[in-house]
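Here is a briefing on the pockets and overall build of one protein model. Please look at the structure first, then read the points below.

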Amino acid sequence: TAYKLYLNGRHHHLRWNPVDFELATQYYKQSLEEDPTLALPAFGAGMTYSLMTAWSFIPYEEGVQTARKYLALGLEMDRSMYISHYAEATFNFWGLWNFKEVYANLQRAIALNPASTDLEEGLAELYTCIGYFEKAMEHTQNILQRNPLSPNHHYTKGNIYYLTGEFEQSIQEMEKALQVDPGFWLAIEVIALCYVHLRAFEKLDAFLKAHPQAEQ
C-alpha cells in the first residue's frame, strides 16, 4: 500500500505543475504514514519541495527547509539507493543552485544505476543550465534512443532548442512530448513562447484556443 501511494506521488510529481506537485506531496506523506521505514516517499517529497521552491510555488525559506527535512529523513533511512544521491542532486540543483555538488551527486547515482535515463536527463539539465548545450544535447539524444516515450526527455531536448533560439525545432520536439502526454504543461508553455518569439501570432492564437491552460 505504501509503495502504491509512492507511485501515485511520482506520477503527479512528473507532471510538473503546481496542482500536481501539491498532490504528489500529499501522496508521499500518506506513503510515509503507511510505512515510516520506506525511504522512497521521503526522497520523493524532498525532490518535489525542491522544485516547488525553485519555481516559486512556495516561499523560498519554507521550501528549502521542508525539502531538507524530507531529504534528511530519507538519508537517515537508506543512503545505499541511487535515488538517495539523485534526491541530493535535485535539492542541490533546484533548492540551492550548487552545481558542483549536483554533478558529484549525479555521478554517484549513475555509478549505482547507469541504465537510468532520469539520471542522465539530470546531467543534460545541468549542462543546459550552465550553457554547455552541445554536451546537454549529446546526453538528451542518448536518453531518447533508450526511452523515446518519455515526455520529460522530449521536453529537455526541446528546451535546449528553445534556449539556443531554434524555435521551430523546439516546437517540433515539444509536440512529440504532447503526443505522449497531451496535457504536459511545460511543453504547452514553451510552444506558446516559441510562437511569440517567431511572431507567428495566428498560430499562437490557434494554439492557445486548443490549449487554454497555456494562458493561466
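The lining of the second largest pocket comprises 9 nonpolar residues, 1 polar and 2 charged. Nonpolar here covers Ala, Val, Leu, Ile, Met, Phe, Trp, Tyr, Cys and Pro; charged covers Asp, Glu, Lys and Arg; the others, Gly among them, are polar. The model is predicted: local features need pLDDT of at least 70, side-chain atom pairs count only at pLDDT 80 or more, and totals for chains, interfaces and linings use all residues. Residues are numbered from 1 along each chain as its sequence is written, and side-chain values use heavy atoms, with hydrogens and water left out.

**Second largest pocket**
- Its volume is about 180 Å³.
- A pocket is an open set of points on a 1 Å grid over the protein atoms alone, where a 1.4 Å probe fits, with protein on both sides within 12 Å along at least five of seven lines; lining residues have an atom within 4 Å of a point.
- Volume is the space filled by probe spheres set on the points, which are joined across faces, edges and corners.
- Among the lining residues are Tyr-3, Tyr-6, Leu-7, Arg-10, Met-47, Tyr-86 and Asp-118.
- H1, H3 and H5 each give two or more residues to this lining.
- H1 gives the most, with 4 residues.

**Largest pocket**
- The largest pocket has a volume of about 660 Å³.
- It is lined by 38 residues, and Trp-16, Leu-51, Trp-55, Trp-94 and Glu-125 are the closest to its centre.
- Helices that give two or more residues to this lining include H1 (2–13), H3 (39–54), H5 (82–95) and H7 (117–129).
- The lining splits into 25 nonpolar, 8 polar and 5 charged residues.

**Overall build**
- The protein chain has 12 helices and 0 strands. Helices (H or I, at least four residues) and strands (E, at least two) are DSSP runs, numbered from the N terminus.
- The radius of gyration is 17 Å, close to the 17 Å that the globule rule gives for 216 residues, so the chain is as compact as a globular protein of that length. The radius is taken over C-alpha atoms, and the rule is 2.2 Å times the number of residues to the power 0.38.
- Along the principal axes, the C-alpha atoms fill a box of roughly 55 × 35 × 30 Å.

**Burial and contacts**
- Buried residues (under 20% relative accessible area, 1.4 Å probe, protein chains only) make up 50% of the 216 residues.
- Of the contacts (heavy atoms within 4.5 Å) with a separation of 6 or more, 54% join residues 24 or more positions apart.
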